[in-house]
Amino acid sequence: MPKPLLSRHCDSFTACLQSHYRAELNVDLLAEHVTEVKLKANEFLWQANQSQEYLYVLQNGLLYAYFETSEGKSFCKEVYWENDLIFGFRSLLSDNAFPFSVRSIEPSVLYRFPLQHYLSLVKKHHDWQAFHLSVVSEYYMYKEGKEEFLLLNTPEQRVALFFETYPHLLPRLPQHVIASYLGMTPISFSRIKKRLGLLTNVNAAG
């Protein structure tokens, strides 16, 4: 059950937002609409085909987003960790339902705020317009970077670069999530790790 944001958590929520936008931002305009959400491990934040009502900021924990086929095969879209903003960008622009699900890997604490109130701040206040532009720019830079990463690197290079770039995530992420994110099967991922001598510090779960 979501809980109202207590005053002692406001600084934490503000810090999460400021990790994406360094300029001055009137967080008080949003704070009274923010609630805290706690998830257990392996719990949905949302499921595909649900409507987007909220945006989320991850205070602590670990989640992942994935598409699922009608046959039940899943493909990891992205992974979220501390201070990440979590929302469906296409759903934000088109008002369509989420095409993917988001699920917790670890027990997680998030802040959520209503989409419609957020959009009203973006329309009415210059600082929130600038924040929104910063978030959109960050999203597209990440998206283009991931496309380059997947298209221009061999499977071996993708594995090596992931280990080099995200060592702090390796003990936390299940092997099948890393493999799917890198565009390969868990078996291929395991074989490549062995060839590269990267057998330590990976969560052995699933």
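Two strands count as paired if DSSP finds at least two bridges between them. Helices (H or I, at least four residues) and strands (E, at least two) are DSSP runs, numbered from the N terminus.

This is a predicted model, in which local features need pLDDT of at least 70, side-chain atom pairs count only at pLDDT 80 or more, and totals for chains, interfaces and linings use all residues. Residues are numbered from 1 along each chain as its sequence is written, and side-chain values use heavy atoms, with hydrogens and water left out.

**Stop 1: the hairpin.** Select strand S5 (residues 63-68) and S6 (residues 74-80). They pair in the antiparallel sense over 6 bridges. Click Ala 65: its bridge partner in S6 is Glu 78. Move to the 5 residues between the strands, where Gly 72 has a positive phi near 90 degrees.

**Stop 2: helix H4.** Select residues 115-124. Leu 115, His 117, Tyr 118, Leu 121 and Val 122 are buried. They lie on the same side of H4 because they cover an arc of only 165 degrees around the axis, taken from the directions from the helix axis to the C-beta atoms. Turn to the other side: Gln 116, Lys 123 and Lys 124 are exposed there. Next, show contacts (heavy atoms within 4.5 Å). The buried residues of H4 pack against H2 (28-31), S4 (54-60), H3 (89-94), S9 (108-114) and H5.

**Stop 3: helix H5.** Select residues 126-152. These 27 residues reach 39 Å from first C-alpha to last, close to the 39 Å expected at 1.5 Å a residue; that span is 1.5 Å times one less than the number of residues. Buried residues in H5 include Trp 128, Phe 131 and Phe 149.

Methods
Buried < 20%, exposed > 50% of the residue type's maximum accessible area, 1.4 Å probe, protein only.
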